[in-house]
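Let's take a friendly walk through a protein model together. Have the viewer open and follow along.

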Amino acid sequence: QLGGGPGQAGMLLPLRAAGKHSLLQLLRRCPMAAPLHAAAAPPKKQGLVLGVYATEKDEKATLLTKAGDAFDQAVSGKLKELLSISGPPLKKGKTRIFHGLHQNFSSVVVVGLGKKGAGVNEQENWNEDKENIRAAIAAGCRQVQDLEFSSVEVDPCGDPQAAAEGAILGLYEYDVFKQKKKTAVGVQLHGSDGAEAWRKGQIYAQGQNLARTLMEGPANHVTPTRFAAEIEKELKSASSNVTVHIRDQAWIEAQEMRSFLSVAKGSEEPPVFLEIHYMGSDDAKEPPLVFVGKGITFDSGGISIKPSSGMDAMRADMGGAATISSAIVTAARLKIPINLIGLAPLCENLPSGKANKPGDVVRAKNGKTIQIDNTDAEGRLILADALDYAHSFNPRAIIDAATLTGAMDIALGSAATGVFTNSKQLWDQLFEASVVTGDRVWRMPLYEHYTKQVTDAPLADLNNIGKYRSGGACTAAAFLKEFVTAPHWAHLDIAGVMENKDEVPYLRKGMAGRPTRTLVEFITRLSQDKESF
């Protein structure tokens, strides 16, 4: 694969001299192809990303990956030589570009992978090798994109799945409404080692990018109706073992989902209850995993209106619906042998003459009454009815995801998704999945202490906000618990991980689509473990 095709030249382009090596000396030692002539084809604009490991200070040898070593041999040791004279050893996540080293690649980007075999970091709760690969490959691919090359081959770096995830997540940018767009770069595996793992990584990353696209989309374009239609299209293209129900307002009313409807009534945009089924198991009667996602396609706060600064980000308040739906689409593409159901109550939360007012009381689907003291605590109102409905499927487990509270962002920031659960077995599976994906979770308390703060309401069975200001994420979870009887339930508050500024190096600034890959890995693990619960 490293040999040049007809009419391709292997001559070095000019390189800057370094140390005692002169440009003339470098050129003399470089294997030369036939001289260029007028009829020669122009050089192929393709990039190559290769990895290099960090070495101890007293080690002088450059430690390349397997693919890097093979490439270095193909260019007669030029890559290692240039690395040694072009600056200090590459640090983790840093890059260095060399041009004209090989006739098949106009430019080669070498990326720092950190120490080889770092393994799981117990302090960080992730696999450091995988995270280093994702970050390094993303940085290398972006360098190729900056050169405006249309294709890049990527070193698998010993973990093709992580490499594929880094490449595809790292190149993604939402530019649907922009005339000026970055160069679209086609990504391929360099060599043939680990092709199946590479494909799996591509599908994982594309799933997260689907969630990012839905979350980033403006609210006037990603309405409840259009969200449902997009997921239906993606799911039906992924598998034939799927069913999609886009439930309208009449169905929602017939189900007596009055808590959900109380939020939806403030907007002219009609609500939708999206219900998706993927039947991947050979046993159609196998209890499904049921996912529930908060689907507020725009959240103004309602009558308890939010400050205008930053309100545009509330187009992503359907991040729960986006991530659980994208995870199910991804599972379908991977043909994971498991039964899954996704439920997403979709609507807007806007102020109007019909909107909820502070002090209003509504009756939820399970019969409990709710005093609405803050209309901006609307996510729990729509999830309450969806969680009750989820029990009708005899679920193996129920997992809900929601950008539920600003308090979760204050508590954990963007480091991890907060998980509230009544099941240690469920927690263990989620945690182990997150260590692999690097999209971490952290367990939060679901104490009776918080339940008392939402059940002490002057007018109803429950209040939609806690009695005290503190512990807002915990009181929100305690509220949801009042609508759950299943022994295996987890609530994922993803408010803190909704956006990426610069914290995750392989994600550009914008909506993050987290924790889609962790959900997919969780699904994969449960498909292989039928015994734990």
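Helices (H or I, at least four residues) and strands (E, at least two) are DSSP runs here, numbered from the N terminus. With that naming in hand, one point before we start: this is a predicted model.

Begin with threonine 55, which sits in the loop between β1 (46-54) and β2 (63-64). Is threonine 55 buried, exposed or partly exposed? Its relative accessibility is 27%, so it counts as partly exposed, given that buried means under 20% and exposed over 50%. Once neighbours within four places in sequence are set aside, threonine 55 is in contact with Ala61 and Leu63. For a sense of distance, pick glycine 100, which is 45 residues away along the chain: its C-alpha atom is separated from that of threonine 55 by 27 Å.

Next, helix packing. Helix α2 (residues 66-74) and helix α3 (residues 78-85) have axes 6 Å apart and pack at an angle of about 105°. That angle falls in the range from 65 to 115 degrees, and α2 and α3 are therefore roughly perpendicular to each other. On the α2 side the contact is made by Gly68, Asp69, Phe71 and Asp72, and on the α3 side by Lys78, Leu79 and Lys80.

Compare that with helix α10 (residues 319-333) and helix α16 (residues 516-528), whose axes are 9 Å apart and whose packing angle is about 45°. The two helices, α10 and α16, are therefore oblique to each other, and α10 passes α16 in a right-handed crossing. In this contact, Thr323, Ile324, Ser326, Ala327, Thr330 and Ala331 of α10 meet Thr516, Leu519, Val520 and Ile523 of α16.

Phe479 leads us to the aromatic rings. How many aromatic pairs does the structure hold? There are 10 aromatic pairs. In one of them, the ring centres of phenylalanine 479 and phenylalanine 483 are 5.4 Å apart and the planes stand at 45°, so the pair is tilted. Phenylalanine 479 and phenylalanine 483 are both buried. Elsewhere, ring pairs join Trp251, Phe260, Phe273, Tyr389 and Phe393 into a cluster.

Apart from neighbours within four places in sequence, glutamine 255 is in contact with Lys365 and Tyr389. Glutamine 255 belongs to the loop between α8 (249-254) and α9 (258-264), and its relative accessible area of 22% makes it partly exposed. Isoleucine 370 is 115 residues from glutamine 255 in sequence, and the two are 17 Å apart in space, C-alpha to C-alpha.

Rings also meet charged side chains. Arginine 440 lies over the face of tryptophan 126, 3.9 Å from the ring centre. Arginine 396 takes up such a place over the face of phenylalanine 533, at 5.3 Å from the ring centre.

Finally, some backbone geometry to check in your viewer. Most residues other than glycine have a negative phi, and most peptide bonds are trans. Cysteine 157 is not a glycine, yet it has a positive phi of about 55°. Cysteine 157 is in the loop between β7 (151-154) and α5 (160-171) and is buried, with a relative accessible area of 4%. Asparagine 394 has a positive phi as well, near 50°. Where is asparagine 394 placed? Asparagine 394 is in the loop between α11 and β16 (397-402), and with a relative accessible area of 55% it is exposed. As for peptide bonds, the one from arginine 514 to proline 515 is cis, with omega near 5°.

Definitions and conventions. Residues are numbered from 1 along each chain as its sequence is written. This is a predicted model: local features need pLDDT of at least 70, side-chain atom pairs count only at pLDDT 80 or more; totals for chains, interfaces and linings use all residues. Side-chain values use heavy atoms; hydrogens and water are left out. Rings of Phe, Tyr and Trp (its six-membered ring) pair if their centres lie within 6.5 Å; planes under 30 degrees apart count as stacked, over 60 as edge-to-face and the rest as tilted. Buried means under 20% relative accessible area, exposed over 50%, partly exposed in between (1.4 Å probe, protein chains only). A charge sits over a ring if NZ of Lys or CZ of Arg is within 6 Å of the ring centre and within 35 degrees of the ring normal. Contact means heavy atoms within 4.5 Å. Axes are lines fitted to C-alpha atoms, for helices over the stretch in contact, and angles run from 0 to 180 degrees between N-to-C directions. Angles under 35 degrees count as roughly parallel, over 145 as roughly antiparallel, 65 to 115 as roughly perpendicular and the rest as oblique. A crossing is left-handed if the near helix is turned anticlockwise from the far one by less than a right angle, and right-handed if clockwise.
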